[in-house]
Amino acid sequence: MAIAGILIACGLTAATWYYVTPKYTRVGYQPIQPVPFPHDIHVTQLGMDCRYCHSFVEVAAQSNVPNTQTCMNCHSQVQKDNPKLEPVRESWKTGKPIEWVWLHRTVDYVFYNHAAHVNRGISCFSCHGPVNHMATVSIAEPHSMAWCLECHRHPENFLRPDDQIFNLDWKPDDVKPAEFVAKYGQPKSVTEDWTKKKHLTQQEIGQTLKGRWNIAPSTNCQTCHR
Amino acid sequence: MKRVFQHPPEPLTGKKYWRSLGEYSNTPEFRQWLEREFPAGASEISDDEWSRRDFMKLMGASMALAGLGLTSCRRPEMHLVPFTKSAEWTIPGKFLYYATAMPRRTGAIPLIATTVDGRPIKLEGNPLHPASAGATDTFAQASLLDLYDPARSRRFVNRGKDSNRGEFDAYIDKLRGQLGSNGGDGLAFLVEEVHSPTRERLRAELEKAFPKMTWCVYDAGLSEAQNYATGTSFGENVRLIPRFDRADVVLALDSDFLDCGEGDLASARGFTQRRRVKSAEDTMNRLYVVENRFTITGAMADHRLRCPASRIPAFTYLLAGKIAAATRDGALFSLLSTLAAPVDTAEFDENWLIEAANDLVSKSGVSIVLAGAHQPVAVQLLAYAMNFALKNIGRTVVVREFPRNQNTKSILQLADRMNRGEIKALFIFGGDPVYNAPRVLAQDPDKKTPVDWADLQKKVPEVVRLGYHEDATSTISQWHVPLAHYLESWGDALTPDGAYLSIQPMILPLFGGLSEIEILNALLGRPKVEGPELVQETFRGTKPPGDLPTAWSKFLRDGFAAHVPLRDRPVSFNGGAAASLAQQLWATTPAPTSDSPEIVFVRSYAMDDGRSNR
């Protein structure tokens with residue numbers, strides 16, 4: 001009797017641990033948007049920068065979704081009869097805004113600031129995944145507190161050079177060590193000469209940048225829970 | 001289990017009281033009927049298997065479990081809704097600050113408005129300008145909520161029916177044609193005091209186009225006594241500005257100058273500046289207050305004397321006598337000699353008078369004697385004469401040039417013309433004369449009965465009321481036009497000491513309201529303005545240095561025009577004119593008694609003259 005009870009309890013715990021945590025419940029959420037806006041066409045194919053639409057990501061806590069005027073900048077001429085863009089044209093004509101479905105939502109007691117991250121070496125990719133290859137945006141990362149702390153405790157696993165923030169296809173292998181060391185140097189504690197290396201790992205890149213930019217992300221409750 | 005209630009056991013002694021005839025008869029059938037909760041024939045859940053309580057417990061648990069189920073575990077779908085066209089310069093979640101001004105009764109307060117997403121959410125004083133000292137008062141703070149008042153007027157009303165801007169514009173055009181034919185005879189305006197140079201400029205142009213028009217300024221909180229006294233003593237088109245920051249001793253006669261409700265924040269800040277003692281050598285100023293009620297100024301006073309408002313003239317006479325004796329000033333002596341001495345002055349504290357007078361005289365040139373705006377002209381004149389004797393004029397009391405159009409009529413004069421049927425088209429800007437006009441304005445020519453404003457207004461065939469609320473005045477007007485809030489309009493204003501401020505809108509009129517200058521512009525037959533053209537025209541007239549676009553941008557950015565000079569008149573007191581006027585208007589009354597009490601109407605700290613009681 002007792003053994004069955006213990007087994008059931010263990011089973012329930014395991015099931016909850018797997019199924020009822022953000023990694024399962026949130027990742028993969030891919031709602032249907034009022035306009036089927038394809039990031040892959042606009043970013044990868046056309047080469048638009050994230051900041052053309054999400055214009056305040058470097059200055060404000062919220063990164064904004066674009067207003068209808070931003071869409072109409074091009075679509076008043078490009079694809080101007082495409083039926084998929086009808087809600088955009090309708091919005092522009094009537095003045096009623098487009099209601100995008102909200103994906104990346106933190107709870108109300110968490111306060112996240114985009115500008116604080118984007119200006120300090122964290123790319124869109126780290127939190128939002130490969131948006132530039134998504135035809136419909138889906139949630140790629142769980143955005144749970146444990147997940148935030150993974151980076152806050154070890155930022156060197158996620159930092160990248162500041163001109164690569166908006167390059168969502170960047171990999172640590174893309175970095176040429178000689179150029180990197182010329183621009184950013186290498187950590188003082190490292191004796192090996194990195195200019196001679198073939199590749200740098202993410203940790204090596206991250207460690208350099210963390211030291212150079214004095215990155216010390218707070219794990220104090222007040223930081224995010226105000 | 002079902003509980004069976006027992007009636008309270010019968011008392012062993014004392015009278016037994018029955019509550020129904022059945023209880024009185026106490027038959028076995030009655031007792032059984034009492035115990036049974038539902039009448040015979042009703043189906044009941046019997047006691048042993050299931051009670052109502054158990055049923056409720058089961059249903060409650062089921063509902064809770066249903067809630068925990070699939071539907072409420074899903075994340076609710078929420079939306080991100082951007083603008084279609086964003087307000088310019090706005091960043092979501094960040095504030096934008098613009099300078100503007102709030103027009104008030106005696107002058108305007110310079111403000112900084114905090115806007116977010118294109119909507120103003122907070123007002124603070126403009127620290128760049130000394131007239132507000134970076135502060136606001138209660139009415140300025142509350143005026144932001146006025147903008148979002150759900151009860152504010154949203155529609156054009158023409159003779160009780162909904163109308164629109166197009167019809168109103170057509171109406172004004174037609175009216176203009178009719179009025180132009182006889183030089184504007186029959187055109188009248190009833191407006192409030194807003195100290196707007198643009199409105200004055202447009203008024204002057206209207207007076208050129210319609211020479212016979214009547215322009216009346218009425219505000220229940222304003223008193224003409226000070227203007228009259230100032231004009232006689234110091235000449236026309238001046239205003240006396242007290243400089244509390246330069247005063248060591250202040251004596252206030254029924255003057256609540258620390259109450260900023262009239263818009264004069266600089267006085268309060270100037271006064272409190274002199275109270276601040278930072279080192280051992282600093283001296284504080286001293287405040288003497290003579291008043292009839294509890295006021296903010298009285299609460300700050302170092303020495304306060306309680307005195308009925310109607311006895312202030314008598315008190316002032318005695319004080320002036322003491323000052324005249326000490327300073328030996330000729331003008332003050334001659335003014336006092338024309339006045340009859342008041343009777344029964346034993347009620348006044350002689351010591352208080354002596355000490356106050358001595359203090360004022362010893363601080364000659366750095367003292368101020370103030371008479372409250374609602375005190376009669378004679379008291380104002382005595383106060384001016386005392387200030388002159390104490391050599392305060394030009395130092396702590398500055399004679400500032402403040403142009404006033406002398407063609408302004410009073411509401412009594414307008415009422416007279418309305419009574420005789422001479423007014424054919426009346427424009428009421430703001431205000432609410434049905435509510436706050438003086439009660440008896442004229443006499444009915446035939447019936448010889450008193451008439452009030454509502455009757456007079458009904459004699460005017462065309463009344464256009466520009467109002468913030470649809471109130472009693474709007475109901476009897478032919479047209480009601482929604483007034484735009486000052487946070488929605490272009491305009492300009494003067495501070496109490498004459499500095500030139502800009503008013504710029506934070507948001508387009510929420511309900512298509514109009515501002516006063518737009519209507520005056522339409523009456524002049526000029527094309528409709530969408531933006532600041534009218535104010536820019538006035539600004540151009542002030543001859544700003546450098547190129548106009550830069551100067552205009554600076555004007556809007558700072559909230560005031562630094563290049564507009566504040567001119568002071570040289571010190572000269574017309575003692576003779578003051579004396580003769582005082583002699584004509586001098587009157588003292590005996591002290592109030594319970595049989596003949598004194599009734600004083602004052603401005604409310606919370607509701608102003610009643611306008612904030614919507």
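I take contact to mean heavy atoms within 4.5 Å. With that rule I looked up Phe315(B) and, leaving aside its neighbours within four places in sequence, found it in contact with Leu253(B), Val290(B), Leu305(B), Cys307(B), Phe348(B), Trp352(B) and Leu353(B).

**Ground rules.** I note that this is a predicted model, in which local features need pLDDT of at least 70 and side-chain atom pairs count only at pLDDT 80 or more, while totals for chains, interfaces and linings use all residues. Residues are numbered from 1 along each chain as its sequence is written, chains are lettered from A in the order in which they are written, and side-chain values use heavy atoms, with hydrogens and water left out.

**Cores.** I then looked up the nonpolar cores, each a set of buried Ala, Val, Leu, Ile, Met, Phe, Trp, Tyr and Cys residues joined through side-chain atoms within 4.5 Å, where buried means under 20% relative accessible area with a 1.4 Å probe, protein chains only. The largest has 80 residues, and Phe315(B) is among those with the most contacts inside it, together with Leu251(B), Phe257(B) and Leu332(B). Helix α14 (residues 377-389) of chain B gives the most to this core, with 10 residues; helices here are DSSP runs of H or I, at least four residues, and strands are runs of E, at least two, numbered from the N terminus. Apart from this core lies another, of 42 residues, including Trp215(B) and Val535(B).

**Two covered helices.** I asked how helix α19 (residues 516-523) of chain B sits, and found it largely enclosed by the rest of the structure, because six of its eight residues are buried. Among them are Ile517(B), Ile519(B) and Leu520(B), and just after the helix Gly525(B) takes a positive phi of about 80 degrees. Helix α8 (residues 225-234) of chain B is mostly covered too, with seven of its 10 residues buried, and what covers them includes α14 and α22 (575-585) of chain B. Gly235(B), which follows α8(B), has a positive phi near 100 degrees.

**Where the chains meet.** Asn67(A), Trp102(A) and Arg105(A) supply 27% of the area that chain A buries against chain B, more than any other three residues. The contact takes 26 residues from chain A and 17 residues from chain B.

Key: Buried < 20%, exposed > 50% of the residue type's maximum accessible area, 1.4 Å probe, protein only. Buried area = accessible area lost by both parts, 1.4 Å probe.
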